[in-house]
Amino acid sequence: MKNDSVITSRGQITVPKRLRDRFGLRPGMRVRFAASRQGVLVQKEERAKSVLRRAYGVVRDGVATDAYLRTIRGSVK
């Protein structure tokens, strides 16, 4: 298992793909660096979930959007 990386002259590093996949690190994601007794700790920043992400999966499969909206709004057609 190769998890080594080299720091470039601009201070950039490449996180090995295996670790990116394991920890869900994606392009554009912000990370935080912190000093620890063992060295440097890299943590991904958890973003607050958007309204759409929080609602994802709320509606059961097979329910039409219009029917669901009528149900939650209390309107009858």
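Is Asp 21 buried, partly exposed or exposed? In this predicted model, Asp 21 is partly exposed, with a relative accessible area of 44%; buried stands for under 20% relative accessible area, exposed for over 50% and partly exposed for the range in between, with a 1.4 Å probe and protein chains only. The model being predicted, local features need pLDDT of at least 70 and side-chain atom pairs count only at pLDDT 80 or more, while totals for chains, interfaces and linings use all residues. Residues are numbered from 1 along each chain as its sequence is written, and side-chain values use heavy atoms, with hydrogens and water left out.

Asp 21 has a salt-bridge partner in Lys 17, with 2.8 Å from N to O. A salt bridge here requires a side-chain nitrogen of Lys or Arg within 4 Å of a carboxyl oxygen of Asp or Glu. Lys 17 and Asp 21 lie four residues apart in helix 1, and therefore about one helical turn separates them. An α-helix has 3.6 residues a turn, so residues three or four places apart point the same way. Helices (H or I, at least four residues) and strands (E, at least two) are DSSP runs, numbered from the N terminus.

The whole structure holds three salt bridges. Arg 30 pairs with Glu 45, their closest N and O atoms being 3.8 Å apart. This pair links distant parts of the chain, 15 residues apart: Arg 30 belongs to the loop between helix 1 and strand 1, and Glu 45 to the loop between strand 2 and helix 2 (51–55). Glu 45 also meets the side chain of Arg 32 in a salt bridge, at 3.7 Å from N to O. Arg 32 lies in strand 1, 13 residues from Glu 45. Within it, Arg 30 is exposed at 59% relative accessible area, whereas Arg 32 is partly exposed at 43% and Glu 45 is partly exposed at 29%.

The largest pocket has a volume of about 460 Å³. Among its 18 lining residues, Ile 13, Val 15, Leu 25, Val 31 and Val 42 are the closest to its centre. A pocket is an open set of points on a 1 Å grid over the protein atoms alone, where a 1.4 Å probe fits, with protein on both sides within 12 Å along at least five of seven lines; lining residues have an atom within 4 Å of a point. The volume is the space filled by probe spheres set on the points, which are joined across faces, edges and corners.
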